[in-house]
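Subject: Structure handover

Hello,

Please find the structure below, followed by notes on what was found in it.

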Number of protein chains: 2
Amino acid sequence: MRILVDAMGGDNAPDEIIKGCLEALNTSQDFEIELLGNKSEIERCLGSDNAAKSRITITETYDEITNCDKPTEAIKKKTDSAIVTGMKKVKDQTAQVFISAGSTGALLAGSLLVAGRMKGVVRPALAPIVPSKKGQAMIIDAGMNTQIKPVNYLQFGIMGTEYMKSVYNIKIPRVGLINVGTEESKGHDAVKQAYEILSKSKLNFVGNIEGRDLTEGKVDVVVCDGFTGNAMLKVMEGTG
Amino acid sequence: MRILVDAMGGDNAPDEIIKGCLEALNTSQDFEIELLGNKSEIERCLGSDNAAKSRITITETYDEITNCDKPTEAIKKKTDSAIVTGMKKVKDQTAQVFISAGSTGALLAGSLLVAGRMKGVVRPALAPIVPSKKGQAMIIDAGMNTQIKPVNYLQFGIMGTEYMKSVYNIKIPRVGLINVGTEESKGHDAVKQAYEILSKSKLNFVGNIEGRDLTEGKVDVVVCDGFTGNAMLKVMEGTG
């Protein structure tokens, strides 16, 4: 498996990004990494770990997309950036995975405009895995879509379920809907409708949950709008 | 100052509620407590702390409002409940404060229908104080209003500011707006409009904040819709 990594995006890039790549290569043997970004900076960070380096290639990119760029504009104009290059390679299947800690907005725009969506996926979502007392849970969406329709909750539930099945080997992932209380009647209109849709779905929907159920490990997939998910995730970062 | 306490509402009531009252009476001298609820149960819990008991009176109530009751209906029908009795006494000024850990919905309905709003308060809000690295911060709203208008964020900011000034002696409380990022352009429509309204207000508005800024102590008042605030609060309970 070939994994593309945007060496230039995120806090303390490229140093921390490349440290992580080397650690990953030393932990598991069944993949190689293609680093995208400024070649001389990348080579400086790679240092002398020759065993790991033998499974790394570098593709130089010259444009840089920052958090200040307007996402869609940046994707259209900065075509020699790590993000656009990465998305293109996923699209033409020369790589299987693209990882970037760069601009969330540009990644959303790039995934839609360049890589394209899988059939059935209406909206891309941010889906971080967070620790719980019984292992881990996925929060989906955690910031990609600040306003969503009731049916999107179902979509997120399906995507999360498939991920937890295939990556964490959980046979029947439990899906919970974030709400202000566990009773069916709780919450605003969109979330009430989402409850109904999820109840009728084939997912293993366990009902409304609250933030503490996430950390207690009552569910494997937490569905919510991206505004709420992002707020929860960042509170966890602050308190965790 | 006379403080009314609903002895019957909340988890492990009346035992835990009354334990808290006795502790408060032993900590500070300048108030008395009127407990509302089932007299024999309350007397059992009060035990033998005669010093504290001398500043306690009991008003017996016979109806009970539970979390399963429909809030507005309960307030109208269960007029001899602790919640309705407490709200009436605040309204006729025979007490200055009413504290209850009972049904949130019934407390909202009771505060609107029985106690009445102060001039200028459009919507009541839940406003818990949470610990931060530099002291504490108020989350407002934390669950009373799941859908709000942009102007409500300003209202919450004003209420929170006045509270932090008078109760915590913070001269110029810093107010932050929860968003998915700190940039002005972030978030959904309501929160973008709220940013504009708060920017033009007389509040000490420090801009958009994220969950971790709350725990870091960057603000004294965190304004948000009740859905987001509730999710954040409950995640804090789970991780904190």
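K200(B) is exposed, with a relative accessible area of 67%; exposed means over 50%, buried under 20% and partly exposed in between (1.4 Å probe, protein chains only). Its side chain meets that of E196(B) in a salt bridge of 3.4 Å, N to O, where a salt bridge is a side-chain nitrogen of Lys or Arg within 4 Å of a carboxyl oxygen of Asp or Glu. E196(B) is partly exposed, at 46%. Both residues lie in helix α8 (residues 189-200) of chain B, four residues apart, about one turn of the helix. Helices (H or I, at least four residues) and strands (E, at least two) are DSSP runs, numbered from the N terminus.

On conventions: this is a predicted model, in which local features need pLDDT of at least 70 and side-chain atom pairs count only at pLDDT 80 or more, while totals for chains, interfaces and linings use all residues. Residues are numbered from 1 along each chain as its sequence is written, chains are lettered from A and ligands numbered from 1 in the order in which they are written, and side-chain values use heavy atoms, with hydrogens and water left out.

Other salt bridges

A search of the whole structure finds 30 salt bridges over all chains. One of them joins E216(B) to K133(B), with the closest N and O atoms 2.9 Å apart. E216(B) lies in helix α9 (residues 211-216) of chain B and K133(B) in the loop between β5 (129-132) and β6 (135-140) of chain B, so the pair ties together parts that are 83 residues apart in sequence. E216(B) counts as partly exposed at 30% relative accessibility, and K133(B) as exposed at 62%.

K78(B) forms a salt bridge with D69(B), the closest N and O atoms being 2.9 Å apart. K78(B) is partly exposed at 25%, and D69(B) is partly exposed at 22%. In chain A, a network of salt bridges links R2(A), E32(A), E34(A) and K89(A).

Leaving aside neighbours within four places in sequence, the residues in contact with D6(A) (heavy atoms within 4.5 Å) include I17(A), L36(A), F98(A) and G102(A).

A sheet in chain A

An open sheet of five strands runs in the order β5-β6-β9-β7-β8 (chain A), with mixed pairing; two strands pair if DSSP finds at least two bridges between them. Its edge strands, each pairing on one side only, are β5 (129-132) and β8 (204-209) of chain A. Strands β6 (residues 135-140) and β9 (residues 221-223) of chain A run parallel and are joined by three bridges; I140(A) has V223(A) in β9(A) as its bridge partner.

Regards
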